[in-house]
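This briefing is meant to be read beside the sequence and the coordinates. It is arranged by topic.

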Amino acid sequence: MTAPSTILPLEVTDLVYEIDGKRLLHDISFRLSIGSRTVLLGPNGAGKSLTLRLCHGLLTPTMGAIRWGSQISDGKMSGEPAGALARAQRHQAMVFQRPVLLRRSARGNVEHALKLRRVARAQRRARADLALAQTGLAALGDQPARTLSGGEQQRLALARAWATSPQVLFLDEPTANLDPAATRAVETLIDGFHAAGTKIVMTTHDLGQAQRIADEILFLHNGRLLEQTPADQFFTAPQTRAAQAFIKGELLW
Amino acid sequence: MGEFGQALMNAATLIVSFDGDFLGIVGLSLRVSLSAVLIACIIGFPLGALLALSRFPGRGAAVAVLNALMGLPPVVVGLIVFLLLSRAGPFGVLGLLFTPTAMIIAQTILVTPIIAALTRQTVTDLWAEYGEQLRSLGATRADTIATLLWDGRFSLTTIVLAGFGRAIAEVGAVMIVGGNIDNVTRVMTTAIALETSKGDLEMALGLGIVLLVLALAVNGVSQAIAAGASRASQQAVRA
């Protein structure tokens with residue numbers, strides 16, 4: 001079985017996610033196409049991170065389907081093997097709110113990710129150095145990753161993702177713990193990913209950041225997808241009352 | 001407290017004089033216990049990690065049993081290994097009873113549960129932190145075990161030393177399966193027991209002091225490594 005040239009589009013249909021009988025996501029359906037930067041926007045607890053994790057395959061849907069390209073992965077309802085999702089997952093990467101770095105050098109962290117992706121040993125060093133250079137960390141390659149500053153750690157997480165050449169990059173509140181300068185650096189790197197043809201799917205509750213990055217907004221509230229609209233349209237003429245309130249900075253509880 | 005003074009002198013003399021018998025005893029103690037710990041690590045690290053990452057029915061019971069096995073009485077282990085290795089036992093043909101190999105087997109059985117149980121705890125904690133990231137990177141079960149064991153290496157070093165402390169200090173198992181034969185299976189703990197029963201308390205105390213110093217050195221190394229690890233893994237304060 002050969003790898004598909006692209007795993008996109010992503011088709012999510014009637015996605016439901018429950019924990020202990022409590023329904024956290026209600027019948028979410030959307031389609032993500034190649035090229036644009038998609039931002040999942042909404043207040044805390046809207047279900048943005050859950051949706052991201054379900055798409056990436058870190059969680060299994062209670063009901064509904066997640067379909068990458070022509071390959072299908074259903075929830076527990078059907079007997080579809082997890083193999084299709086795993087194959088698609090090889091072309092994805094994810095950057096978390098708190099970077100999870102291994103207790104080794106910055107370069108060692110990138111090389112480890114390449115090893116997990118079965119990149120030949122001989123190529124790892126060069127690809128890791130390239131990724132570090134790309135993220136402005138070339139001089140810090142030998143430094144223990146956990147002694148880097150918060151911003152540097154998040155850039156290293158991006159370098160690690162970049163090195164594996166993903167078709168889709170998921171980012172879960174990647175700048176929530178960072179100061180403005182580090183946030184700017186991360187946003188610049190995200191622009192770089194986008195320019196290189198990587199599909200960006202990111203969550204944020206920061207309106208300004210959403211405006212800077214998004215081509216397309218998925219607005220979530222209380223576990224439901226309320227809007228999927230082009231960004232300029234969302235910020236000038238939001239369709240739903242909840243989105244209007246959110247843009248005005250009013251609480252949504 | 002003339003006995004303690006005499007004992008200290010004895011200990012010093014034993015060490016400084018490079019007494020052949022004494023060095024033989026110390027050497028055999030280290031050889032048996034280090035071998036046992038090495039084998040226990042080869043078994044215990046992957047076993048503990050696997051137990052941390054697996055989900056199967058009865059897993060909770062398995063963990064409870066493993067934790068309980070940390071408190072195995074050495075004499076009981078000695079007795080069981082004795083029965084297995086004795087001429088009439090299932091492994092009697094190997095002729096291992098009253099050899100250093102038998103002592104290594106007994107201590108391996110004592111140390112493996114300690115290594116495995118503590119490794120399980122360490123890997124469980126690391127998995128809570130690394131789990132999503134490793135799954136995101138597509139790590140297989142084997143990748144995950146290797147990664148977590150390597151990243152837990154400082155904690156694991158302390159675990160190894162705990163296992164070594166257990167092995168070097170126990171007397172019951174090596175006494176039963178080794179037999180405390182002079183120049184063959186006599187180690188420090190069995191020599192101390194023998195000298196005490198013979199009434200040569202100075203000699204017994206002298207050996208005891210050497211054993212204590214060894215235990216202290218093990219603890220010191222353990223602490224130094226733990227301190228170094230916490231410094232190395234400390235996250236820099238965010239700006």
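The structure is a predicted model, with an ipTM of 0.87 and a pTM of 0.83. Chain B has 10 helices and 0 strands, and 18 of its residues meet 20 residues of chain A.

**Confidence**

- The mean pLDDT of chain B is 88, and 95% of its residues reach 70 or more.
- In chain B, residues 235–239 have a pLDDT below 50, and this stretch makes 8 contacts in the model beyond near neighbours in sequence.
- For chain A the average pLDDT is 89, with 92% of the residues scoring at least 70.
- Residues 72–80 of chain A stay under 50 in pLDDT, and the model has 20 contacts for them beyond four places in sequence.
- Where pLDDT is low, the predicted coordinates should not be read in detail.

**Fold of chain B**

- Along the sequence, chain B reads α-α-α-α-α-α-α-α-α-α.
- Taken along the principal axes, the C-alpha atoms of chain B fill a box of roughly 65 × 55 × 25 Å.
- Chain B has 239 residues, of which 39% count as buried.
- Of the contacts in chain B that link residues at least 6 apart in sequence, 79% are between residues at least 24 apart.

**Packing of α2(B) and α5(B)**

- Two packed helices are described by the angle between their axes and the distance between the axes.
- Helix α2 of chain B spans residues 20–53, and its axis comes within 5 Å of that of α5(B), with a crossing angle of roughly 35 degrees.
- This crossing of α2(B) and α5(B) is right-handed.
- The contact of α2(B) with α5(B) is made of 23 nonpolar, 9 polar and 2 charged residues.

**Nonpolar core**

- The largest nonpolar core holds 130 residues.
- The residues with the most contacts inside this core come from both chains: A:Ala159 and A:Ile217 from chain A, with B:Val81, B:Ala106, B:Ile115, B:Val177 and B:Met188 from chain B.
- Leaving out residues up to four places away in sequence, B:Val177 touches B:Gly78, B:Val81, B:Phe82, B:Leu85, B:Leu97, B:Ala102, B:Met103 and B:Ala106.
- B:Val81 and B:Ala106, both among the partners of B:Val177, are themselves listed with the most contacts inside the core.

**Contact between chains A and B**

- The contact takes 20 residues from chain A and 18 residues from chain B.
- On the side of chain B that touches chain A, α5, α6 and α10 (201–233) each supply at least two residues.
- By type, the residues on the side of chain B that touches chain A are 6 nonpolar, 6 polar and 6 charged.

**B:Gly138 at the contact**

- B:Gly138 sits in the loop that joins α5 (100–136) to α6 (141–151) in chain B.
- Across the chain boundary, B:Gly138 touches A:Gln89, A:Arg90, A:Leu116 and A:Arg117.
- B:Gly138 counts as partly exposed because 18 C-beta neighbours lie inside 10 Å, whereas a buried residue has 20 or more.
- The C-alpha atoms of B:Gly138 and B:Ala7 are 61 Å apart, and the two residues are separated by 131 residues along the chain.

**Backbone features of chain A**

- A cis peptide bond, with omega near 5 degrees, runs from A:Leu8 to A:Pro9.
- A:Pro9 is in the segment before β1 (10–19) of chain A.
- A:Asp14, in strand β1 of chain A, is a residue other than glycine with a positive phi, near 50 degrees.
- A:Asp14 has 13 other C-beta atoms within 10 Å and is therefore partly exposed.
- A:Asn222 lies between β9 (216–221) and β10 (224–230) of chain A, in the loop, and its phi is also positive, near 50 degrees.
- With 16 other C-beta atoms within 10 Å, A:Asn222 is partly exposed.

Technical notes:
Residues numbered from 1 in each chain as written. Chains lettered and ligands numbered in written order. Predicted model: local features only at pLDDT ≥ 70, side-chain atom pairs only at ≥ 80, totals over all residues. Helix = DSSP H or I, 4+ residues; strand = E, 2+ residues; numbered from the N terminus. Buried ≥ 20, exposed ≤ 12 C-beta atoms within 10 Å, placed from the backbone. Contact = placed C-beta atoms within 7 Å. pLDDT = per-residue confidence, 0-100. Nonpolar A, V, L, I, M, F, W, Y, C, P; charged D, E, K, R; others polar. Axes fitted to C-alpha atoms, helices over the stretch in contact; angles between N-to-C directions. Left-handed = near helix turned anticlockwise from the far one by under 90°. Core = buried A, V, L, I, M, F, W, Y, C linked by C-beta atoms within 7 Å.
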